[in-house]
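Here is a brisk report on one protein model.

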Amino acid sequence: MESIALWQATALCGIASWIAVSSCFNVTHKIRSLLQPWASHHVAAGTPAVLRIQKHQNRYLDALFSGLSCVVSVPFYTAFLPFLFWSGHGKLARQMTLLMAFCDYSGNCIKDVVSAPRPSSPPVRRVTATKDEEDNALEYGLPSSHTLNTVCLSGYLLHYVLSYMQVQDPSLTCAAVAFVCLLVGLTGWGRIYLGMHSLIDIICGLLIGLMILASWLTVHDHIDSFIISGQNVTTFWATLSFLLLFAYPTPEFPTPSFEYHTAFDGVAFGIVAGIQQTYQQFHHEGVPKIFTAELTAPAFLGRAAIGIPTILLVKFCSKALSKWILPLVSNTLGIPIRSTGYIPLLNAATGKKSGGNMKQQQSSVGYIQKLFFFSNQMDSFDVDTGIRFLQYAGLAWSVVDLVPSIFSYLGL
């Protein structure tokens, strides 16, 4: 017990120390000053290659690569993961959720630290067929998140399937590996074709993804064991989630990347907290798995029909409760708050002050050298961050706790 508490305290203190040291020495600015010119040069130098690829444009390729970008996007995986939990493959679902959260955090951190531009449009034609793609275009370019996530998630899925099915046939293994490589290749090529990334973004996304995947495969069993049977899991993860919000680097100019991280930070916490409480009831290895006599396809469709509306309702309720509770608690504790989107009254009350801060933030790179997202806004706390975190934590908790309880009650 003492050793468990010791390593947890050491890990959290290490992150807190890194936050303090990085803030004092402006680590983000120093790294950016080294990497941004290099990345910007390669993006500019790669523009002719992007234009050569786009010479072959037609509506069919537009539809193909736009569709593929949706299939390998974060929203798709977010919608896909609840079905994995309800299919009986709990370990796969847990690991892919946490791996996605880690990939999202790592990729977006690197994006905002380097703050490298996307290919200039024009002359590059940028295709944004969905609202999600329009939001992605507001982020920085290096590395390609689509490439990084595809490498990690498809690679881990391949590892799980081959291990779970105990595939012994080399030809089948080669075919599966070839399919994953083809998916990664098409994803990277498609990001260039759509004008969202240059070649250097894809290469960095591929290399970083491979490093993350290799690292994850060495520790995933230990992480899973800690989640399902460790000590102080919920307390440790709550503290870790809080520290990661502060450890996120400030980009050169504001982007949506931090919002994505906050959402997945909440998802990871909700999943971990829910699994810790309900593993023996709903998520152990002996639960019925899809396409077996215990969990037939019609029963699984029934789960989906009940589960999806339930988690959406929980998401709505979590957001509404957070919008009511967080301002109340902040006012009680005397914490100055503002809202950039969720609570219009707070936005109106602090709009002039926040607007002045934003203009000042954008007017000088020197002012942005602080590392953390609160550092340049010490006058008030953006309550939207807490609302978003609790909203997605509630959604994730419902996926692994509330909804399985409903399934059990209904005999599904």
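H89 has a relative accessibility of 14%, so it counts as buried. Here buried means under 20% relative accessible area, exposed means over 50%, and partly exposed lies in between, with a 1.4 Å probe and protein chains only. H89 sits in the loop between helix 5 and helix 6. Helices are DSSP runs of H or I with at least four residues, strands are runs of E with at least two, and both are numbered from the N terminus. Leaving out residues up to four places away in sequence, H89 touches L84, Y160, Y164 and K289. Contact means heavy atoms within 4.5 Å.

This is a predicted model, in which local features need pLDDT of at least 70 and side-chain atom pairs count only at pLDDT 80 or more, while totals for chains, interfaces and linings use all residues. Residues are numbered from 1 along each chain as its sequence is written, and side-chain values use heavy atoms, with hydrogens and water left out.

Helix 12 covers residues 257–283. A straight helix of 27 residues would span 39 Å at 1.5 Å a residue, but the end C-alpha atoms of helix 12 span only 32 Å. The expected span is 1.5 Å times one less than the number of residues. Where is the kink in helix 12 centred? It is centred on Q277, and the angle is about 65°. The bend at a residue is the angle between axes fitted to the seven residues ending there and the seven starting there. Helix 12 is also mostly covered, with 20 of its 27 residues buried.

Helix 8 (145–165) gives another span to check. Its 21 residues should span 30 Å at 1.5 Å a residue, and its end C-alpha atoms are 29 Å apart, which agrees. Just after helix 8, Q166 takes a positive phi of about 50°.

## Helix 10 against helix 12

Two packed helices are described by the angle between their axes and the distance between the axes. The axes of helix 10 (residues 199–229) and helix 12 come within 7 Å and cross at roughly 65°. Axes are lines fitted to C-alpha atoms, for helices over the stretch in contact, and angles run from 0 to 180 degrees between N-to-C directions.

Helix 10 contributes F226, I227 and I228 to the contact, and helix 12 contributes V272, I275, Q276 and Y279. By class, this contact has six nonpolar residues, one polar and no charged. Ala, Val, Leu, Ile, Met, Phe, Trp, Tyr, Cys and Pro count as nonpolar; Asp, Glu, Lys and Arg as charged; the others, Gly among them, as polar.

## Aromatic pairs

A pair of aromatic rings is described by the distance of the centres and the angle of the planes. The structure holds 12 aromatic pairs. Rings of Phe, Tyr and Trp (its six-membered ring) pair if their centres lie within 6.5 Å; planes under 30 degrees apart count as stacked, over 60 as edge-to-face and the rest as tilted. One of the pairs is W7 with F226, edge-to-face at 5.4 Å centre to centre and 70° between the planes. This pair links distant parts of the chain: W7 is in helix 1 (residues 2–25), F226 is in helix 10, and 219 residues separate them. W7 is partly exposed, at 40% relative accessibility. F226 is buried, at 14%.

The ring centres of F83 and W86 are 6.0 Å apart with planes at 80°, so this pair is edge-to-face. Both residues lie in helix 5 (residues 74–86), three residues apart, or about one turn of the helix. F83 is partly exposed at 27% relative accessibility, whereas W86 is buried at 2%. F83 and W86 form one aromatic cluster with F300 and F407.

## Loops and backbone details

Two cis peptide bonds can be listed here. One joins S121 and P122, with omega about -5°. P122 is in the loop between helix 6 (90–114) and helix 7 (131–136). Another runs from L142 to P143, with omega near 0°. P143 lies in the loop between helix 7 and helix 8.

N26 is a residue other than glycine with a positive phi, near 50°. N26 is in the loop between helix 1 and helix 2 (27–45), and is partly exposed at 21% relative accessible area. N232 also has a positive phi, near 60°. N232 is in the loop between helix 10 and helix 11 (233–247), and is partly exposed at 35%.
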